[in-house]
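These are my notebook entries from one sitting with a structure. I wrote down what I looked up and what I found.

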Amino acid sequence: MIFIITSLLRGSRVNTLSRVISVKCISQPHHCTEIIHVMESFRMIVNESIRLGLEHNVTSKFMLQSLIYHRFSKEIYSAYVITAVFKASEILKRYRKAKRKNPDTKKPFMRKKMLVVDNQRYRITHSRLRLPVSPRQFVYIPLNHHVCEVLSRPGLKLGSITLNENKLCIPYSRGILRKDPCGYLGIDMNLENATCFDEHGNTTVVDMSHIVYTKMKYREVLSHFNRNDSRIQGKLKRKYGQKQKNRQDTYLHQRSKKITSSGRQIIMEKLSGIQKKYRRGNGQGPKLRFRLNSWARFKLQSMIDYKSIEANGFGVKFVQPHGTSARCAKCGKRLIPEERRKMWCISCRHIVDRDINASMNILARGLEMLGVMSARFEPDAVQGEAVKQFKDAEQIAPSLLARNNPSS
Ligand SMILES: [Zn+2]
């Protein structure tokens, strides 16, 4: 399988010195009880803001602030009133968006205690986080070694801290120099693997069956716990769910790091709408639906994206998934399914693996979108001449060139 470049490098390797902003978050547990009553007040203000926002049909957060601020600024430290209003406006925005799609959406309500602290209101000194409870009155939360080490790196900009009853989360951002991609990689996400295809025609299959297996194993273990008390049942489910999630996340971190370590520009398909395909009432059985929804594809995508930004200064490019598995990567005709995930092309008269074909299509689409080159995969091209220069390609595939560049 040989890859022919029909037009090369339309000014793609120019912006070497531009910076991108990488945003990450670091969290740690905490046992501070003095701030719980502030969290409770914060929750109350958020819920009151949501109620008033819905009652007066207010969309702007500054309008909401003018309705709320003077009522609560004496009860709680006034900076927290502003962050509570901003939090409520975020919730309202999400609610309005959800309601446009589904008119039966329930009115939002904050159940858990939490607190958002603006980055102007807290200080980190001597491995301790200082938070205001009221004017000139503070509580101190000790930070662990790992958090202190990460936050002491130069060039970091800290964001607003989010606290709940037993965990705190500190977001930070930093500028990263944008490198040139040393190649391109199309990735197709499947049920038990992620198939990668690069511009030299090499295929790598990243195995994900371990996640599916672990999830099924945990489901089986949970099915043996039959308690009459629903609270204990819920507690067990949470415990084992957390264990399973931790194992899955470790696996995803390892795999995504491996994928991004090559320094290539990664191209993936947009997965929006994938949950709608496999949900209750779509005619699939519960076991099949469980298998199809068994691993976190979105999570892997976002991990690959942020790790790629951290390592190389560029993120993942997403392409439309329509027809990537169904159409031939060489001629673009519709494929006929054969047994064991193989596909048959009538026009090219060859059998191709379904996943490899899809990753080839994704790569070709991504390259076209990036404007780097127009790509097509030739079955009869000469082995060993993997990447052809523009002039060679012109001689080999004049018709393809004409099709891809109608202006030239
Ligand atoms: Zn074909």
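**Entry 1: backbone angles**

I looked up N57 and found it exposed, with a relative accessible area of 57%; exposed means over 50%, buried means under 20%, and partly exposed is in between, with a 1.4 Å probe and protein chains only. N57 lies in the loop between α1 (36–56) and α2 (61–72). I took helices (H or I, at least four residues) and strands (E, at least two) as DSSP runs, numbered from the N terminus. The phi of N57 is near 55°, a positive value in a residue other than glycine. I noted this because most residues other than glycine have a negative phi.

Before going on I wrote down the conditions: the model is predicted, local features need pLDDT of at least 70, side-chain atom pairs count only at pLDDT 80 or more, and totals for chains, interfaces and linings use all residues. Residues are numbered from 1 along each chain as its sequence is written, and side-chain values use heavy atoms, with hydrogens and water left out.

Next I checked R136, which is not a glycine and has a positive phi of about 60°. R136 sits in the loop between β5 (128–134) and β6 (137–142). R136 is exposed too, at a relative accessible area of 78%.

**Entry 2: the sheet with β5 and β6**

In what order do the 3 strands of this open sheet stand? I read the order as β4-β5-β6, with antiparallel pairing; two strands pair if DSSP finds at least two bridges between them. The edge strands are β4 (123–125) and β6, and each pairs on one side only. From one strand to the next the twist averages 35°. For such angles, axes are lines fitted to C-alpha atoms (for helices over the stretch in contact), and the angles run from 0 to 180 degrees between N-to-C directions.

I then looked at β4 and β5, which pair in the antiparallel sense over 3 bridges. The bridge partner of T125 in β5 is R128.

**Entry 3: helix α3**

Helix α3 (residues 78–101) has 24 residues. From its first C-alpha to its last, α3 reaches 36 Å, close to the 34 Å expected at 1.5 Å a residue; the expected span is 1.5 Å times one less than the number of residues. I listed buried residues of α3, among them A79, Y80, V81, I91, L92 and Y95. The buried residues of α3 pack against α1, α2, β3 (114–117) and β5.

**Entry 4: rings**

How many aromatic pairs does the count come to? I found 4 aromatic pairs. Rings of Phe, Tyr and Trp (its six-membered ring) pair if their centres lie within 6.5 Å; planes under 30 degrees apart are stacked, over 60 edge-to-face, and the rest tilted. Y218 and Y240 have ring centres 6.4 Å apart and planes at 55°, so this pair is tilted. Y218 lies in helix α5 (residues 209–223) and Y240 in helix α6 (residues 230–260), so the pair ties together parts that are 22 residues apart in sequence. Both Y218 and Y240 are buried.

F225 and Y240 form a tilted pair as well, 5.4 Å centre to centre with 45° between the planes. F225 is in the loop between α5 and α6, 15 residues from Y240 in helix α6. F225 is buried.

K243 lies over the face of Y240, at 5.3 Å from the ring centre. R255 lies over the face of Y251, at 4.2 Å from the ring centre.

**Entry 5: the sheet with β15, β16 and β17**

Here 3 strands form an open sheet in the order β15-β16-β17, with antiparallel pairing. β15 (336–337) and β17 (350–353) each have a single partner strand, so one side of each is left without a neighbour in the sheet. Strand β16 (residues 342–345) is joined to β17 by 4 bridges. C345 stands opposite H350 in β17. Helix α10 (residues 354–370) lies across β16 and β17, running at about 80° to β17.

**Entry 6: the chain**

I ended with the totals: the chain has 12 helices and 18 strands. Of its 408 residues, 41% count as buried. Among contacts (heavy atoms within 4.5 Å) with a separation of 6 or more, 68% are between residues 24 or more positions apart.

Key. A charge sits over a ring if NZ of Lys or CZ of Arg is within 6 Å of the ring centre and within 35 degrees of the ring normal.
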